[in-house]
Amino acid sequence: YRCFCLFMVKRNNKITDKTIQLSPANNWRAEFTDLAKYDSKGKEISYSVVEAELAGYVATYTGNTQDGFTITNTRSTSITIPVTKKWVGPVGKPVTVELFSNGVTTGRSVKLTANQNWTSAFTNLPEYDENGQEINYTLKEIQQDNYDAIITGSAKEGFTVTNKNNEKLTIPVKKEWFGPVGEKVIIRLLAEGVDTSKSLELTSQKNWQGAFTDLPKYTETGEEISYTIKEDKLENYFSLIDGNAKEGFLVTNITSEQVDLPVKKKWQG
C-alpha cells in the first residue's frame with residue numbers, strides 16, 4: 001500500500017487525540033511518545049492502538065505496550081469470476097467446472113447449461129491470500145466424452161471453456177469386379193472435395209478391402225466433414241462408387257473393353 005495509514009492510541013479503551021502516520025517514508029514504523037504510565041489514581045494505564053478505517057483492508061493487531069504493536073493489513077476485497085462455455089462441434093450435455101486457488105481445489109464448482117445460456121460465475125471470492133499475495137485462480141472441467149476442453153482467459157477478465165469435439169471416424173472401403181479381376185487399385189480420400197493425401201491400396205491379398213482410420217469427424221470450426229473417395233484410373237474399367245462415410249464405400253469396377261463381332265449373311269432364294 002503506497003499511501004499512509006493513520007493510527008490512534010487508546011487509553012483504557014478510550015481513543016485519545018494522539019495519532020501517528022505510517023508510510024513508506026518512515027518505513028512503516030513510528031512511535032507514540034511521552035505517554036503517561038500511570039493515571040491520577042496511580043493505576044498503570046492500559047494502552048492499545050486502532051487504525052483509522054482503510055477501505056479494502058482488514059486490520060489485525062498483535063503485541064503490547066511494552067514490546068510494541070504490529071498491525072497487519074490484509075486485503076479484504078472480493079471478486080467475481082464469470083465463466084462462459086463454447087462448443088466446437090455438436091452442443092453437448094451440461095458441464096461442471098471446478099475452481100482452483102493457487103493450484104488447490106476450493107471445493108467450489110458451477111454447472112453450465114443451455115438454460116443458462118452456457119454462462120455462470122464464481123462469486124464473493126477473496127482477491128488476496130492471508131499473506132497479501134494475489135490469489136491465482138484457475139479452472140478445470142470435469143471430463144466430457146468425445147470432447148477436449150480448452151480454457152482461456154483469466155480471473156480478472158473471466159474464463160472461456162471451449163469444448164472441441166475429438167470424435168474419430170473409420171471409413172471402410174470394399175472393391176468388387178465385373179470382368180477380369182485386376183492386380184490392384186488405389187483409392188484416395190477427399191474431405192470437402194479436396195484430396196487429403198490419404199490413400200488405400202486394395203489387392204486380392206487384402207480380400208479387396210481396406211479402411212481409412214483415425215479421421216476427424218468435425219472441422220476446426222465445428223462443421224461435420226464430408227468425406228468422399230475416388231479411384232485412380234484403371235485401364236479398360238470404369239468405376240461406380242456407392243455408400244457414404246458412415247456406412248462405408250463400395251467401389252465396383254466394370255470392364256469397358258470392346259470386341260469386334262463379325263457377321264455374315266447368306267441367301268436362299
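Author: Partly exposed means a relative accessible area between the buried limit, under 20%, and the exposed limit, over 50%. The model discussed here is predicted.

Reader: Is E201 buried, exposed or partly exposed?

Author: The buried class is under 20% and the exposed class over 50%. E201 has a relative accessible area of 33%, so E201 is partly exposed.

Reader: Which residue forms a salt bridge with E201?

Author: Side chains of opposite charge can pair when their charged atoms come close. Here the closest N and O atoms are 3.6 Å apart, and the cut-off is within 4 Å. The partner of E201 is K184.

Reader: How many residues apart in sequence are K184 and E201?

Author: K184 lies in strand β14 (residues 184-191). E201 lies in strand β15 (residues 194-203). The pair therefore ties together parts that are 17 residues apart.

Reader: Is K85 buried or exposed?

Author: K85 meets E141 in a salt bridge, at 2.4 Å from N to O. K85 is in strand β6 and E141 in strand β10. The relative accessibility of K85 is 4%, and the buried limit is under 20%. K85 therefore counts as buried.

Reader: Which strands stand at the edges of the open sheet of 4 strands?

Author: The order is β16-β13-β19-β18, with mixed pairing. An edge strand here has a single partner strand, so one side is left without a neighbour in the sheet. The edge strands are β16 (209-216) and β18 (237-244).

Reader: In β16, what is the bridge partner of K168?

Author: Strand β13 (residues 168-178) runs antiparallel to β16. 6 bridges join β13 to β16. The bridge partner of K168 is P216.

How values were computed: Residues numbered from 1 in each chain as written. Predicted model: local features only at pLDDT ≥ 70, side-chain atom pairs only at ≥ 80, totals over all residues. Heavy atoms only, no water. Pairing = 2+ DSSP bridges. Helix = DSSP H or I, 4+ residues; strand = E, 2+ residues; numbered from the N terminus. Salt bridge = Lys/Arg side-chain N within 4 Å of Asp/Glu carboxyl O. Buried < 20%, exposed > 50% of the residue type's maximum accessible area, 1.4 Å probe, protein only.
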